[in-house]
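Please work through each one before reading its solution.

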Amino acid sequence: MKRILVTRFSAMGDVAMVASVLREFQEQHTEVEIIMVSRAFFAPFFQGIPRVSFHPIYPEKQHQGLVGLYRLFKELREYNPTELADLHDNIRSNILSTFFRMSGYKVRTIDKGRKEKKALTRPINKIKKQLKLTTERYADVFRSLGYAFQLSNQLQRSPASLPKDIQTLFVGEKKYLGIAPFAQHPYKVFALDRMEGVIAGLAADNIQILVFGGGSKEKEIVDTWAKKHPHVFNTIGKFSLREELDIIANLDLMLSMDSSGMHMASLVGIRSLSIWGATHPFAGFIGYGQSIEDCIQVEHPNRPSSVYGNKPCICDGTEAIDLLTAEMVISKVKNILLKTTF
């Protein structure tokens with residue numbers, strides 16, 4: 001049986017997309033075992049995928065620096081792999097790939113399309129068109145290793161049992177909406193006062209809202225929302241990543257930034273509305289199986305200015321994501337969950 005090492009160390013949404021791709025790959029290639037190499041926190045993304053084992057990387061500890069990566073190379077070599085698929089193409093993955101290549105292993109690396117992404121986001125002579133989806137770029141690596149592989153790009157709902165601590169919330173005839181209002185970069189975050197307006201406009205309509213993602217600061221913000229508005233439940237800090245995925249699998253809809261919430265919804269087959277500002281679905285980071293029609297955005301010639309959301313995008317003096325209103329978001333959600341418009 002062939003055994004492929006797959007490397008993708010971060011970020012959270014990118015790793016979640018890998019899991020969606022590996023699930024389909026393993027359905028089409030029952031003769032293959034996969035060793036997924038990523039940060040330990042992301043292991044739940046890969047649970048339940050046939051013939052996929054998980055090997056954690058600890059880049060701040062035993063796998064730090066050149067010596068640490070060589071230690072990781074020796075650990076991974078013990079699996080007797082036949083080839084390596086580098087889905088990251090960063091300094092760490094390139095060093096690791098070099099160790100394997102020098103030892104005679106077949107190695108293929110993702111083409112991130114950096115040149116065309118630069119053309120998409122530059123301020124002058126912008127070439128604004130849909131680029132290849134990141135999931136297809138992942139699939140291309142497996143194709144370059146010699147495997148026939150077709151992605152369906154369809155959501156596959158994954159039924160899951162709810163954690164005991166939340167089961168009583170899922171009773172009655174309510175609709176269940178997840179909201180992931182935070183992101184790593186500020187230019188991908190819908191203004192929090194507007195997001196609270198979205199929550200206020202939905203919570204009174206028999207829609208149970210569950211808020212995901214963030215640390216202690218974000219937890220305090222959401223606690224304030226939950227005290228002010230009915231039908232709002234704060235999941236932050238209460239559940240493991242595996243439990244969060246199980247909760248999301250029981251939702252009717254997810255509302256997310258261009259961030260990991262969208263990709264976690266894809267992983268368990270849940271439709272996701274997504275909010276876009278400085279970034280754009282054209283860069284290829286839309287959630288696997290999600291629809292461009294579910295991307296909430298205002299088109300403007302200056303968009304996008306950033307691939308990852310770490311650069312501002314000023315559109316006629318207004319930050320791109322601030323072109324959106326709470327009413328736009330509420331209307332989209334109600335049209336899907338309640339079949340009504342705002």
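Two exercises with worked solutions follow.

The model is predicted, so local features need pLDDT of at least 70 and side-chain atom pairs count only at pLDDT 80 or more, whereas totals for chains, interfaces and linings use all residues. Residues are numbered from 1 along each chain as its sequence is written, and side-chain values use heavy atoms, without hydrogens and water.

**Exercise 1.** Describe how helix 8 and helix 9 pack.

Step 1. Helices are DSSP runs of H or I with at least four residues, and strands are runs of E with at least two, numbered from the N terminus.

Step 2. In contact (heavy atoms within 4.5 Å), Leu241, Glu244, Leu245 and Ile248 of helix 8 meet Met264, Ala265 and Leu267 of helix 9.

**Exercise 2.** Identify the order of the 6 strands in the open sheet and the strands at its edges.

Step 1. The order is 8-7-6-9-10-11, with parallel pairing; two strands pair if DSSP finds at least two bridges between them.

Step 2. Strand 8 (232–234) and strand 11 (295–296) are at the edges, each with a single partner strand, so one side of each has no neighbour in the sheet.

Step 3. Strand 10 (residues 272–275) pairs with strand 11 over 2 bridges, and serine 274 stands opposite cysteine 295 in strand 11.

Definitions and conventions. Axes are lines fitted to C-alpha atoms, for helices over the stretch in contact, and angles run from 0 to 180 degrees between N-to-C directions.
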